[in-house]
Amino acid sequence: MLEIRNLHARVEGKEILKGVDLTIRDGEIHALMGTNGAGKSTLSNVIVGHPKYEVTEGSITFDGLDLLKMSPEERSHAGIFMSFQLPVEIPGVSMTNFMRAAVNARREALGEEPLKSTDFLRLMRDTQKLVDIDKRLVSRSVNEGFSGGEKKRNEIFQMAMLQPTFCILDETDSGLDVDALRVVAEGFNKLRNEKTSAMVITHYQRLLDYIRPDIVHVLLDGRIVKTAGPELAREIEERGFDWIRP
Amino acid sequence: MNTSQTYLDLYARYRDQLMSVAPDAMNACRDEAIRTFGHKGLPTLKVEEYKYTDTERAFGGDYHLSVATAKVTASDAPVVVNNDELLTRYYGSCVDMSDPIVALNTAFASECLCIHVGRNQHVERPLEITDVLRAQADTMEHKRILIVLDECASLTILMHYTAADQQHFLTTQVVEVVAGDGAHLDLYEIEETHSLCTRFNTVAVNVGRNATVRHNGITLWGGITRNTITVSLKGEMSEVTLNGCVMADKHQHVDTNTVIRHEVPRCTSHELYKYVVDEQATGAFAGKVYVAPGAQQTQSDEVNQNICIGSESHMYTQPMLEIYADDVKCSHGSTVGKLDETALFYMRQRGIPRPKARQLLIQAFIGQVVDYIPLQPLRERLHIMVERRLGGDLDTCAGCTLCK
């Protein structure tokens with residue numbers, strides 16, 4: 001369970017989050033909607049511990065752990081995963097070496113032995129089939145030369161490899177056509193179990209047709225101003241955000 | 001007493017011994033060389049070619065002179081010590097004998113390792129020369145190597161420099177290379193010595209017509225390292241590639257100085273050097289491409305990319321073009337940067353601890369230089385050596401015959 005209390009955060013001296021309260025229970029999918037610059041990406045970056053963002057007040061606990069005291073890698077080991085809005089290209093680092101380092105670091109943190117080479121490669125192969133990603137992509141450098149859709153699919157592949165318990169999908173739908181969006185969303189749904197919770201950040205209803213949220217929040221000017229059921233997303237699609245503004 | 005004078009005195013003391021063991025062709029240059037050195041002295045920081053390396057510091061210290069006389073007993077390898085015929089013909093013909101460090105080496109070298117591949121001969125298996133510094137006291141050695149490839153000969157050599165004892169070592173080495181018309185040479189040099197070692201290495205290559213020469217210098221461990229590489233393209237349609245990578249930390253100092261001389265038309269040269277300097281280490285790269293009057297249709301590209309990690313690390317870079325022909329295509333570029341923070345964070349979000357993420361990024365950066373090595377087993381071995389270097393592994397050197 002993720003609990004955010006009175007969270008204030010700033011980036012480069014500018015206050016973006018001005019008191020966010022949010023509770024996400026195990027198994028729940030929350031959608032976070034809002035205008036550009038409302039603070040959606042700031043909130044997700046603060047949760048995963050991006051060093052550029054400074055928390056000035058408030059707390060985040062995850063399964064009883066004080067997240068704000070943990071490094072980004074420790075948060076990852078605790079089960080937090082973010083699908084990046086803009087996945088980073090890392091030329092020269094192969095997907096295999098990247099995933100091996102990630103999987104084994106997580107295992108080490110959990111007190112498990114590193115995977116043997118053959119077991120690791122089998123896991124890569126099985127996961128690649130599960131999320132239906134081209135095996136040629138998996139044999140290249142991380143995201144290098146991937147199309148927008150391939151990068152997002154690669155995020156889902158990494159999610160499948162790491163099996164997180166809490167996922168942030170930061171505008172996973174941006175830059176995707178309808179078919180690619182469906183494939184990525186189906187990949188995510190396939191990986192979910194009753195314990196997995198998620199925060200889905202999006203501007204549009206479209207993604208939420210595939211990943212159905214239990215609760216929808218609207219974030220405006222650094223605060224959550226409205227919380228309701230999935231019907232809220234549909235209403236925003238029709239009426240925009242202006243009617244919600246306090 | 002200044003440092004240069006100690007070497008002049010040392011020469012006076014050892015001259016007769018050196019003359020008695022070394023071949024005539026080497027002795028013929030000896031007195032002239034010490035005169036050159038006496039006249040010029042150790043180059044100061046005001047000398048353009050040596051402005052990044054303090055030679056007074058490098059050559060100071062009390063070293064025992066090692067006068068080596070070795071024998072090669074290998075059967076089918078094209079290697080002998082002191083091939084008189086080759087020495088008479090080529091000794092001192094490629095390298096700039098007026099350079100004070102080369103002069104010092106020429107004065108003190110007592111033997112020359114000669115590698116000769118005859119016309120149309122292809123040495124199928126790569127030749128590996130492992131140089132292990134061993135001594136019970138602080139020691140200096142002045143090494144000389146001559147590589148001659150006759151017309152259309154081909155050879156791949158790996159020279160691996162290591163040190164087995166924890167003494168101060170001062171090494172000067174001069175490698176002269178003659179690549180005849182149509183010859184093909186791949187020359188790899190790897191330094192894995194230690195922080196007490198000072199190494200001044202000069203590689204001088206004369207390239208004939210239609211020949212291909214690739215040099216790749218990899219500096220992983222050392223104290224003070226200076227690599228001078230000069231290539232003279234003397235025949236048309238030839239191609240030369242100089243690549244190198246350096247990983248330096250603690251108080252390591254690594255200085256590379258390259259000169260490629262396009263003396264004739266229609267040759268191509270490529271250069272790629274990458275440095276990663278960390279902690280208090282210093283890196284320097286100066287690369288000059290000279291295009292002589294009339295050397296038309298020269299093509300040349302030179303790239304030097306560097307990552308400075310430590311806040312106390314330094315990197316100096318100086319790419320240079322000197323062009324006296326008007327129909328040429330030459331480029332040069334140089335960058336000094338830091339590790340990509342966005343990539344680091346992406347990796348950490350996936351659970352990769354920062355030190356490991358750093359290691360993967362450095363490996364990827366340096367790995368590009370290793371990827372240019374066409375010989376697959378060697379390429380893989382070097383990737384492993386780089387990985388071990390980053391992991392701080394000093395114990396073994398990834399598969400040389402001694403560590404197996």
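Strands, like helices, are runs assigned by DSSP and numbered from the N terminus; a strand takes at least two residues. The views below come from a predicted model.

**View 1. B:Thr282 sits in strand S15 (residues 282-291) of chain B.** Is B:Thr282 buried or exposed? A residue is called buried once 20 or more other C-beta atoms lie within 10 Å of its own. B:Thr282 has 20 such atoms within 10 Å, so it counts as buried. Which residues does B:Thr282 touch, once its neighbours within four places in sequence are set aside? They are B:His253, B:Val277 and B:His314. For a sense of scale, pick out B:Val175 as well: B:Thr282 and B:Val175 are 107 residues apart in sequence, and their C-alpha atoms are 25 Å apart in space.

**View 2. An open sheet of eight strands in chain B, with parallel pairing.** Going across the sheet, the order is S4-S6-S8-S10-S12-S14-S16-S18. Strand S4 (127-133) and strand S18 (329-337) of chain B are the edge strands, and each pairs on one side only. From one strand to the next, the twist averages 5°.

View 3. Strand S10 (residues 212-221) and strand S12 (residues 239-248) of chain B run parallel, paired over eight bridges. To find your place, look for B:Val213, which stands opposite B:Val240 in S12(B). How many bridges join S12(B) to S14(B)? There are ten, and these two strands are parallel too. Here B:Gly244 has B:Tyr273 in S14(B) as its bridge partner. S14(B) and S16(B) also pair in the parallel sense, over ten bridges, and in S16(B) the bridge partner of B:Glu271 is B:Glu302. S14(B) itself is mostly covered, with seven of its ten residues buried.

**View 4. Helices H7 and H8 of chain B against the sheet strands.** Helix H7 (residues 354-371) of chain B packs on the sheet and touches S12, strand S14 (268-277) and strand S16 (299-308) of chain B. The direction of H7(B) makes about 155° with that of S14(B). Helix H8 (residues 376-390) of chain B lies across strand S6 (154-163), strand S8 (184-192), S10 and S12 of chain B. Against S10(B), helix H8(B) runs at about 25°.

**View 5. Helix H2 (residues 24-40) of chain B, with a bend at B:Arg30.** Take 1.5 Å a residue and the 17 residues of H2(B) should span 24 Å; the end C-alpha atoms are 25 Å apart, which agrees. Along the way, H2(B) bends by about 35° at B:Arg30. Which residues of H2(B) are buried? They are B:Ala25, B:Met26, B:Ala33, B:Ile34 and B:Phe37. A helix of the α kind has 3.6 residues a turn, so residues three or four places apart point the same way. What do the buried residues of H2(B) pack against? Their partners are helix H1 (3-21), helix H4 (84-90) and helix H5 (100-108) of chain B. Just after the helix, B:Gly41 takes a positive phi of about 70°.

**View 6. An open, mixed sheet of six strands in chain A.** The strands are ordered S6-S9-S10-S3-S11-S12. Strand S6 (80-83) and strand S12 (223-228) of chain A stand at the edges with a single partner strand each, so one side of each has no neighbour in the sheet. The twist here averages 20° from one strand to the next. Strand S3 (residues 29-33) and strand S10 (residues 197-201) of chain A pair in the parallel sense over four bridges, and A:Ile29 has A:Ala198 in S10(A) as its bridge partner.

**View 7. Strand S9 (residues 166-170) of chain A, mostly covered.** Five of its five residues are buried. A:Phe166, A:Ile168 and A:Asp170 point one way from S9(A), while A:Cys167 and A:Leu169 point the other way. S6(A) and S9(A) are paired in the parallel sense over four bridges, with A:Ile80 opposite A:Phe166 in S9(A). S9(A) and S10(A) also run parallel, joined by five bridges; in S10(A), A:Val200 is the bridge partner of A:Leu169.

**View 8. Where chain A meets chain B.** Here 20 residues of chain A are in contact with 18 residues of chain B. On the chain A side, the elements giving two or more residues are helix H2 (72-77), strand S7 (90-94), helix H3 (95-109) and helix H6 (148-162). H3(A) gives the most, with five residues. The residues on this side of chain A divide into twelve nonpolar, six polar and two charged.

Key. Residues numbered from 1 in each chain as written. Chains lettered and ligands numbered in written order. Predicted model: local features only at pLDDT ≥ 70, side-chain atom pairs only at ≥ 80, totals over all residues. Pairing = 2+ DSSP bridges. Axes fitted to C-alpha atoms, helices over the stretch in contact; angles between N-to-C directions. Buried ≥ 20, exposed ≤ 12 C-beta atoms within 10 Å, placed from the backbone. Contact = placed C-beta atoms within 7 Å. Expected span 1.5 Å × (residues − 1). Bend = angle between axes of the 7 residues up to and from the residue. Nonpolar A, V, L, I, M, F, W, Y, C, P; charged D, E, K, R; others polar.
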